[in-house]
Amino acid sequence: MEKEFKHIQTAHCENGATTSLLRYHGLDFMTEPLAFGLGSGIFYIHIPFLQVNNGPAISYRSMPGWIFSRTCKSLGVKVTRKKFGNNEAAAKAYLDQKIKEGVPVGCQVGVFNLPYFPPEYRFHFNAHNLIVWGKENGNYLISDPVMETVTSLSEEDMIRVRFAKGPLAPKGHVYFPENVKPVSKEIIQKGIIKGIRRSARDMLHIPGNIAGVDGIKYTANHIRKWREKLGPRKAGLYLGQVVRMQEEIGTGGGGFRFLYAAFLEEAHAYIPNDELLNISQDFTKVGDLWRASAVQMGRIYKGRINNEQSDFVVCADMLTEIADLEKQAFLKLKKLDLG
Amino acid sequence: MKKEELPQDESALKAMTRELLYVKDKEGKYTTGLSTGWEVKKAALDNAWDDIKERVEAARLAVKNGEKSPVYYFMELRLMDFPVLSGYTGFWTFNIKRHLKPSVFKSLSEKKLAVYAKAFDVTVEELKNFKG
């Protein structure tokens, strides 16, 4: 089976790996927004008492790995996954064998030792995804979904990034779809409905106050207290972390909200209910507001210590408004009659 | 966000790639656009790195003044927190915290020093002889 692998650039690495692998296996309809929507990628969580890079632990998306598994499951695609504990030799042998068989393989890696990332972006983040699609002169041919072009990794670097340690350690994790059969329009429609319902449920009804739309308010309430609790400088750094989680390479802008709006627009092509387009507009508005809140936060942390409590209140109020708007939008999605 | 409003500011991404974002075209439909960066998030990343540099410098001084062991310095230098260092070394956080004390560090076996050196990507000599 010698098919040519085609590199596709996407906003987010896991959406990208999902899209590229499924398209390679003949599912030409697959796009990044569709993968994101079918996999219910949109989310929000603020984990208390946990620090990431000395700042708050906030995420705008669901757990790493879930987008790929949910999307494949809803399309009836079987997924093979393998982890190798600490056995680097077995992990290498397995990858080499698959490449020899001509099977492009998704790989979970840490970015701290990823040589083609600029130093400024190399943190201990272990849930990055890339696709290995060949080997040439002892180097792996890499399709990293966030990159414009293909790249490569030496065997040594490959082992290092596949066996990065710490939270979410990849342990050599590789994955690929198998025996992919053609997918009917009905299955895609069903998948879209399931993906939307699951996102609405997660954002509206997840218990506790740290996740879903309540989680956004939770962050807003923290922002109101940060300056007094942490001092002006550290509070500014915390806001910077919020903005980076929201806007850094990988989110498609506005903390994945534009991506979700694009998904709803695309869903309309499968399920011609015009309300989908209206709700897509709602999410575009929400995404724009997230961007506006980033601008407001930027004004604070650019001034370092020259900030006032009233500046933080403005940010918190914006997030509260966003939480309300997202709540309304997800309520509309929940009530939507999609057949 | 409209495609023509997509920021094209210079950023650290320059050395790697332009990033892909979801934007609206002139007909109001979603499309993708490439961006070289956005100054709002560039400032956030720059600040984070200024903070890291300050932390590393503070750690260096703490080692120099005999308050902390070299493990503390290299931990900051490699952007590690306890869960990450624990992952790389296999040592419990409780023990790593003890190893941050200069007195305890002095009594560490060569074997344990080698584990730390590997985690920090330095030689045992560099680790042992770091004076701040």
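Colleague: What percentage of the 339 residues of chain A count as buried?

Modeller: In this predicted model, 50% of the residues of chain A count as buried.

Colleague: And how many helices and strands are there in chain A?

Modeller: Chain A holds eleven helices and eight strands. Its radius of gyration is 21 Å, close to the 20 Å that the globule rule gives for 339 residues, so chain A is as compact as a globular protein of that length.

Colleague: What does the C-alpha trace of chain A span along its principal axes?

Modeller: The spans are about 60 × 50 × 30 Å.

Colleague: Among contacts in chain A between residues at least 6 apart in sequence, what share joins residues at least 24 apart?

Modeller: That share is 71%.

Colleague: Into which domains is chain A divided?

Modeller: There is a domain 1, made of residues 13-30 and 78-178, and a domain 2, made of residues 185-335. Taken over C-alpha atoms, the centres of these two domains of chain A are separated by 29 Å.

Colleague: What does the domain assignment give for chain B?

Modeller: For chain B, the assignment gives domain 1 as residues 3-37 and domain 2 as residues 41-128. The C-alpha centres of those two domains of chain B lie 38 Å apart.

Colleague: Turning to the interface, how many residues of chain B are in contact with chain A?

Modeller: On the chain B side there are 30 residues, in contact with 40 residues of chain A. The elements of chain B that give two or more residues to this side are strand S1 (19-24), helix H1 (39-64) and helix H3 (82-89).

Colleague: Which of them gives the most to the side of chain B that touches chain A?

Modeller: H1(B) gives the most, with nine residues. By class, the side of chain B that touches chain A has 21 nonpolar, six charged and three polar residues.

Colleague: Back to chain A and its backbone. Where does Lys171(A) lie?

Modeller: Lys171(A) sits in the loop that runs between helix H5 (155-162) and strand S8 (174-178) of chain A. Its phi is near 50 degrees, a positive value in a residue other than glycine. Most residues other than glycine have a negative phi.

Colleague: Is Asn179(A) buried or exposed?

Modeller: Asn179(A) is exposed, because 8 other C-beta atoms lie within 10 Å and the exposed class takes in counts of 12 or fewer. Lys171(A), with 18 other C-beta atoms within 10 Å, is partly exposed. Asn179(A) belongs to the loop between S8 and H6 of chain A, and its phi is also positive, near 45 degrees.

Colleague: Which residue takes a positive phi just after H10(A)?

Modeller: That residue is Arg304(A), with a phi of about 55 degrees.

Colleague: What should the 28 residues of helix H10 of chain A span?

Modeller: At 1.5 Å a residue, helix H10 (residues 275-302) of chain A should span 40 Å, and its end C-alpha atoms are 40 Å apart, which agrees.

Colleague: Finally, which helix of chain A contains Lys190(A)?

Modeller: Lys190(A) lies in helix H6 (residues 185-205) of chain A. Lys190(A) is partly exposed, with 17 other C-beta atoms within 10 Å.

Colleague: What distance separates the C-alpha atoms of Lys190(A) and Val146(A)?

Modeller: The separation is 29 Å, for two residues that are 44 residues apart along the chain.

Conventions:
Residues are numbered from 1 along each chain as its sequence is written. Chains are lettered from A and ligands numbered from 1 in the order in which they are written. This is a predicted model: local features need pLDDT of at least 70, side-chain atom pairs count only at pLDDT 80 or more; totals for chains, interfaces and linings use all residues. Two residues are in contact if their C-beta atoms, placed from the backbone, lie within 7 Å. Helices (H or I, at least four residues) and strands (E, at least two) are DSSP runs, numbered from the N terminus. Ala, Val, Leu, Ile, Met, Phe, Trp, Tyr, Cys and Pro count as nonpolar, Asp, Glu, Lys and Arg as charged, and the others, Gly among them, as polar. The radius of gyration is taken over C-alpha atoms; the globule rule is 2.2 Å times the number of residues to the power 0.38. A residue is buried if 20 or more other C-beta atoms lie within 10 Å of its own, exposed if 12 or fewer, and partly exposed in between; C-beta atoms are placed from the backbone. The expected span of a helix is 1.5 Å times one less than its number of residues. Domain bounds come from an automatic or database domain assignment.
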